[in-house]
Amino acid sequence: MKLSLYALRNQNPIHFHRTIINRFYGTTSTTKQHKFQKRDWVFSRIAPLGSPDLSMVPVLDQWVKEGKQVAETELKWIIKRLNSYKRYKHALEVSHWMTDRRYFPLQPADVATRVNLMYKVKGLEEAEKYFNNISQILRRPEVYTALLNCYTNEKSVEKAEAMMQQLRDMGFAKGALCYNYMMNLYYKTGTWEKMDDLMNEMEQKGINCDEFTLTIRLTAYAAAGDSEGMDKIVAMMESDKHLILHSDTYSIVAEFYLKVGQVEKALELLSKLDSMILTREKSYRAFNSSLKLYAEAGKKEEVHRVWDLYKQKMRILNKGYISVMSSLTKFGDTEGVEKIFEEWESEALSYDFRVPDVLIRSYCRNGLLGKAKALMDKGMSKGGIPWVTTWCHLANGYIHEDLVPEAVEALKKAISICPPNYKPSKETLVTCVEYLEKHGNVDNAEDFVRSLETEHIFSPVFRDKLLRFIKEEKLQT
């Protein structure tokens, strides 16, 4: 199985390993996926209904009412698919409907899935209640491991350790998965010495560390800036005959080396990644990773070399153009980014505003606000929809030109389309609030800050600092 480790690495690092482990051990085969999607089936009605407020039960009931069949394997695939889309409430509804309305008997794997869904939808207490009511015949290793996963996600060390011990006592701790969950818990809680104890236990029991076990330990060494520890894990990875290392692994490790300042070691791994791309693992993800990491290593000529190779080996999609343009911006090469953008325009691909967004950001950072505005207008005239980042880049550009009123308006537009927890630069926010306050709009400034809080733009701590700043200014007037 090819693993999407590098793409997953871009998520919050605290949750990275939990996510990759869940995906690796919980995915369905692409063969089944392709087979189900080829024909008319109930998922085609479920897929568009993304709102958590909508129930899937009436959709499923209507499907059956129309005299159409729904197989058990299809329902299980739908549950896993909805789970992968983070539509946990819908996945749980389908799981209950499968057993309550269609009377398909639960298997241990179904119970394990439901434990995890109960936790995600209703919380740990409800997941525990469900677990406690499961019949003994269904309490197989995967069910206990599912509850262990809930405890580790909750960072409940005491409960997790008790469950792990129970798995050992029952003879269920035979594979790497439960150890990986505990490794990830110890990583998140900073008790890294316990990670080595687990790895020693696995060795004594003859349980092979998998790619995830070693990557979690590697992450802890990287977080501690321990280059020798990283070297040790890399050596283990490359010498273990049971492991088949993928391009994602080399990308992750190279990134870690760059973060601890070991550029030469990172370049050695990137060289291995190059060989892998040329021989056995040609993929968009590998090329995009290579571009990004060579740029972070400060090797502009290597970025151009990989880009030329990329164009020879693959049909470049929007993501590829974004990757190379973003890489060139690290060198302040606005002219080079413009040339790549012209290539992209000539390909007439779908107008993905993330592509011009890269150039707009470069323009705004380099005092070329007029070019940024013109490119944004051009993109919108072609039917493109600016991203929240695009409006934030423009706000920064306005601020650098002392055009704060325009910056405030741009930031308001960003907020109107802002996804949860996206954070514009604090410098931009403070400048905009100062402008509103200094021009006699203290109430407007407070409303502006509260709107940012409502949209989860920043933490309550930063919100309080801004509001305190405004109140102090009020007292001085």
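Residues are numbered from 1 along each chain as its sequence is written, and side-chain values use heavy atoms, with hydrogens and water left out. Because the model is predicted, local features need pLDDT of at least 70 and side-chain atom pairs count only at pLDDT 80 or more, whereas totals for chains, interfaces and linings use all residues.

The protein chain contains 28 helices and zero strands; helices (H or I, at least four residues) and strands (E, at least two) are DSSP runs numbered from the N terminus. Of its 477 residues, 48% are buried, a term for under 20% relative accessible area, with exposed meaning over 50% and partly exposed in between (1.4 Å probe, protein chains only). Contact means heavy atoms within 4.5 Å. Among contacts in the chain with a separation of 6 or more, 62% are accounted for by residues 24 or more positions apart.

The largest nonpolar core comprises 134 residues. Such a core is a set of buried Ala, Val, Leu, Ile, Met, Phe, Trp, Tyr and Cys residues joined through side-chain atoms within 4.5 Å. Helix 12 (residues 176-189) gives the most to this core, with nine residues. The residues with the most contacts inside the core include Val 115. Apart from neighbours within four places in sequence, Val 115 is in contact with Ala 127, Tyr 130, Ile 134, Val 143, Ala 146, Leu 147 and Cys 150.

The axes of helix 18 (residues 284-296) and helix 19 (residues 300-313) come within 9 Å and cross at roughly 165°. Axes are lines fitted to C-alpha atoms, for helices over the stretch in contact, and angles run from 0 to 180 degrees between N-to-C directions. Helix 18 and helix 19 are therefore roughly antiparallel to each other, the term for angles over 145 degrees. Residues that meet across this pair include Phe 287 and Leu 291 in helix 18, and Val 306 and Trp 307 in helix 19.

Two residues other than glycine have positive phi values: Ala 348, near 55°, and Asp 402, about 60°. Ala 348 lies in the loop between helix 21 (334-347) and helix 22 (354-365) and is exposed, with a relative accessible area of 65%. Asp 402 is located in the loop between helix 24 (388-400) and helix 25 (404-416) and counts as exposed at 65% relative accessibility.

Terms used. Angles under 35 degrees count as roughly parallel, over 145 as roughly antiparallel, 65 to 115 as roughly perpendicular and the rest as oblique.
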